[in-house]
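Please read the sequence and the structure below together with the report that follows them.

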Amino acid sequence: MKKFAYIVMIAAGLAVSCNKTFDSVGTTSYLSGDDAIEMVDQNPDFLYSYVSGFYSWMVLQCQVYSGHDDYGFLSCTMIADFMGQDIAMANGQHYGMYDYIHDYCQEEYVRCRQIWTQFYTLINNANSVINFFEPDVDPEGTKARGYLGQAYAIRAFAYYYLMAYFQDPVDADGNLRTDAKCVPIIPSTRDNCTTEEAEQLQSRNTIATVMARIEADLDEALKLLDGYTRSAKNEIDLSVAKGIAARYYLYVQNWEKASKYAGEACTGYSLMDETRLKAGFKEIEDEEVMWGFNHTADTYGMYASFASHMCNDHAGYASIMYKCIDAKLYSQIPDTDLRKGLFNGPEGDAEAATAASAYPYASRKFGYDENWLQDFIYMRAAEMYLIKAEAEARLNNSTEATNALKSLLAYRNPSWKGSATVEEVLLQRRIELWGEGFSYFDLKRNGLGIDRNYEGTNHATWGRLAFPAHDNTWTFQIPRSELQNNLMINDEDQNEL
Amino acid sequence: KVDQTIGKRIKAGLNVAYSNTNMKQFNSSESSNYSNIFNYAQNMPPIFPIYKYDLETGERLYDKDGSTLYDWGETRPAATNTNAYGQLMTSKYNTIRDNISTRGYVDINILKDLKISINAAYDVFNTKTERYMTPVGGDAKEVGGRGTQIVSRYTAINANQLISYTPTFGEHSLNILVGHETKSDNSYSMNGSMTKFVNQSVSDFNNALVYDGLYSSSSSYFLEGVFARAEYDYASRYFLSASYRMDGSSRFAPKNRWGSFWAVGGSWNIKQENFLRDSDAVNLLKIKASYGTQGNDNIGYTVVYQDLYDIIRVDGEASLTKVFRAAPDVTWEKSNNFNVGFESRFWNRLTVNADFFIKKTKDMIYLRPLAPSQGDPSEQLVNDMDMQNTGVEFEISADVVKTKNIVWNISLNGTHYKNAITKLPADKPQDGYQTGNYWREVGGPVYQFNLREYAGVDPETGLPQYNKYDDEGNVTLVNKVSEATLRKTGKSPVPDLYGGFSTSLNLYGFDLSASFAYQIGGYVIDSGYMSLMGGGDISDNWHKDIFNRWTPENTSTDVPRVELGNSEIAQTSTRFLTKASYLSLRNVTIGYSLPSKLLERAKINTVRFYLTGDNLWYLSARRGLDVRQSFDGTIGYNYSAIRTVSFGVNLVF
């Protein structure tokens, strides 16, 4: 009997071991592409997870390389900000130091690839959403229209940034260089391209071609997003799409459209009062914030985050390389301006908790959260007032310009009495948008250089450099991996060093 | 353990074993950040203290219970709020593993020469890992401590069913085997993290306040194979064998799942021939040759044929990020091996074995980079590119002295081979192309370095110089590495010769042995040295060679000047291409065995005392350059082999 029991046990063991098949294996670590497509088939609302994927991609850490200065979209605009005049580094050297001295834009460095990949991934992910829809027919239903509209909006957004990083937009006279080599275009099935056309688009199209793509995408987005209600400020809705349009049209000097969309975009948002202004720019719930990302314990990046680099009150990288305001810019902020309080003065702040936040001219704008859960802010209504003011000033409509600027400054420096000249608005942009990733693009579109080596400078000794307008280092090179693997771009197409 | 015979023809057995392992590990990463203790040790300037000191008296400080206080560098300009050593000593990283291992078999002898065997092996590993980073200082200080608990279970089933037929006809014997085999691996893991621990010394989650992530996943692998093998033996002199197998792997798409592989071989045991059988001088002489194909599906991915999306949790909704690009066309990587060699032993003292081999790897699986404008992930697995290793292996062992009380043996083994690409990926320029720091071309090694040429220091300025070539091949000197020209170096990490040698001596009960590993030739990029030879910054460490840097007084040197923040001072180029030759003393053992006469009365067979040391000494081109873990000629901040010295007693009853 005992023998029989052994035989049964062993035979059972062997039988179980043979019971597996190829179909029952795989991984549950990830959702497979086939399953995802089937889930969209069964429930079209599941397409939202692809759309939401745009926004989580924009905050993912260390996707291109393992550095903590790779944390998505805001890392790209932050390092661009470091290249300008307005952020003065102090104390040590760390992430961003090579950007500060314009020595990180060459093809072999990770920065080119980080920026390139950030935006091209958005474009390809947008295409995979667009490819779910029939060509030539607009979908019915506000949700479906909203998803498709967001895909077009994010694509326009991405091409705009690629254009801005990888080419000098204006010539010495300030005119748009529409014939200059720009970036490849990756078509979706709804773009109705032949294979040959699609291949041709892989080359460095002209700025004009890329502009046409952006404007077509913006038109689609504005049409489709009309009537869509977003679930959270993570998403792009009609107001944000208009904000993107305003940002883009300002860059390409289409003042009428910039003003129109900026004016429409900021309706419904309320500018920060003093309390909110000093609350640390870390909550997208603030009614001035139009678009951003609400971080939770599931998405935050700790040391690889905006706050780690930009918040001097924090134990992150700002505690090694302090982020200060340029002394000259600080001196241009009137004492009555609430925004002066977002920075230490020349004496520093003896009361401050950290060495960085005690430092002269240190920024106190970006606030501290002990759990690193500061939100990412991409767009604020203040920017829209400034776009409108500048565009109107450029159009010589000084009354409209001044009104727009006054609407903003009523919350910032109520005693301001001036007129909104272009210069004045550009200065207000530097003050209002300090550290939020705008200064590099403003310098480029206005054909301006920088000089950090002035009397009384507070820039780090190793960063007291001057970079004239149109210097080659203002433009990033196409990443080497693109040159190596894209047959339509050759070494001759590379931006000059 | 149970073995049971049932009747005359059936035998069955079952063996169950259990083991338990407790491990305390480094709470440290392998990356290039400040929590990696190896990185920290190399790159942290030694002026920064590990411990807290009284700034007035210079005395070490302790807390009230007398335990160590670490200097976490709250105001240190470099690596603020870190102390890799303090983190190591105050954090936990413990793993407990239970392993149950079961083996079962049934053998059925149907006829004298015909046997059916069924074998199964089932292993279960249950593992619990706990990591806890202290709130006292370091990375987790801000969040009040961070803990991770990981529970995982891994099972592996291997089963085969074999029919063997082993007839003998006079001096001819045959061994024919057909079989079926399945492998099935399943793994599951759940891990959770929390922060803000109430009692700083308790790492369980009931003691923590803030949720920081909770994940679980499982994955499985299945392999099925059928095979047949025939072996023929004539008078123990001539041997022939042939085999064939087909394997299906769950990693590949259904249409590419199955691969078939075969082998043939033969050998001649000359010692068994009449003219050598009685020779005392020749104890063994055998020549052999074989040719066969093998498959490899061990590529580090569970499934390769579907896109994979990571599900990120955003406001209670799924958010998809593509993390893997489907590669439905990928199938088995194959290698064709040709071997010819001999085995020999003479005068019972000298053993000489040697093999010549050609190993051709076909349809190599690798991640092909795509243009990053295709979006992330900008790489895709493909089977493309063939390469070949051609070389020899030898082993010589001699008992130099062999008497009753003294035996002294010396052994040497080595391998020399040449690595060459035989087919380039179809989509790449067929006259060669650059990838990373390498140049790929037919006939060249897979990892041939392709670098800018360092041309010394400009004696005027102290800046590094590199060669820039124009189309005619004329050279000009440039100071920025990015302006210099990438050139094939003809150098690769493949050594000219590598292997080991050892010696052992037995002398009146004492035994002494030493074994060495060596490598001659091959190159690495010494990135560790590069990071220690930069322009300098308050957070940088320097190699002592920096004393030889260019200064207005010291103009004839090959070390450029130092310059705060100038990244051009030390860049990847031929300057840091370094010979990868090394010699390491892997083990020394000294032992003494008590004379057996003494032990007889105590009914003990042997008593041996020994002292043994591992990884005692290592020599390479630069002190601190450990090339042993490098296959592609790069080095990182890896764990070096750990030196251990131990004393022991062997008792055999």
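This is a predicted model: local features need pLDDT of at least 70, side-chain atom pairs count only at pLDDT 80 or more; totals for chains, interfaces and linings use all residues.

Residues are numbered from 1 along each chain as its sequence is written, chains are lettered from A and ligands numbered from 1 in the order in which they are written, and side-chain values use heavy atoms, with hydrogens and water left out.

**Chain A**

The secondary structure of chain A comes to 20 helices and seven strands, where helices (H or I, at least four residues) and strands (E, at least two) are DSSP runs numbered from the N terminus. The C-alpha trace of chain A spans about 100 × 55 × 50 Å along its principal axes. For 497 residues a compact globule would have a radius of gyration near 23 Å, and the 25 Å of chain A agrees with this; the radius is taken over C-alpha atoms, and the globule rule is 2.2 Å times the number of residues to the power 0.38.

**The interface**

Contact, meaning heavy atoms within 4.5 Å, takes in 80 residues from chain A and 89 residues from chain B. The area buried between the two chains, that is, the accessible area (1.4 Å probe) lost on putting them together, summed over both, is about 6800 Å², and carbon and sulfur atoms give 55% of it. Across this interface the rule finds three salt bridges, each a side-chain nitrogen of Lys or Arg within 4 Å of a carboxyl oxygen of Asp or Glu. One of them joins K196(B) and E370(A), at 3.3 Å from N to O.

**A sheet across the chains**

Strands pair if DSSP finds at least two bridges between them, and two bridges join β1(A) to β12 (residues 308-314) of chain B, the strands running antiparallel. The bridge partners are listed here.

| Residue in chain A | Partner in β12(B) |
|---|---|
| L31(A) | Y309(B) |

Three strands form an open sheet with antiparallel pairing, in the order β1(A)-β12(B)-β13(B). Because β1 of chain A and β13 (317-324) of chain B stand at the edges, each with a single partner strand, one side of each is left without a neighbour in the sheet.
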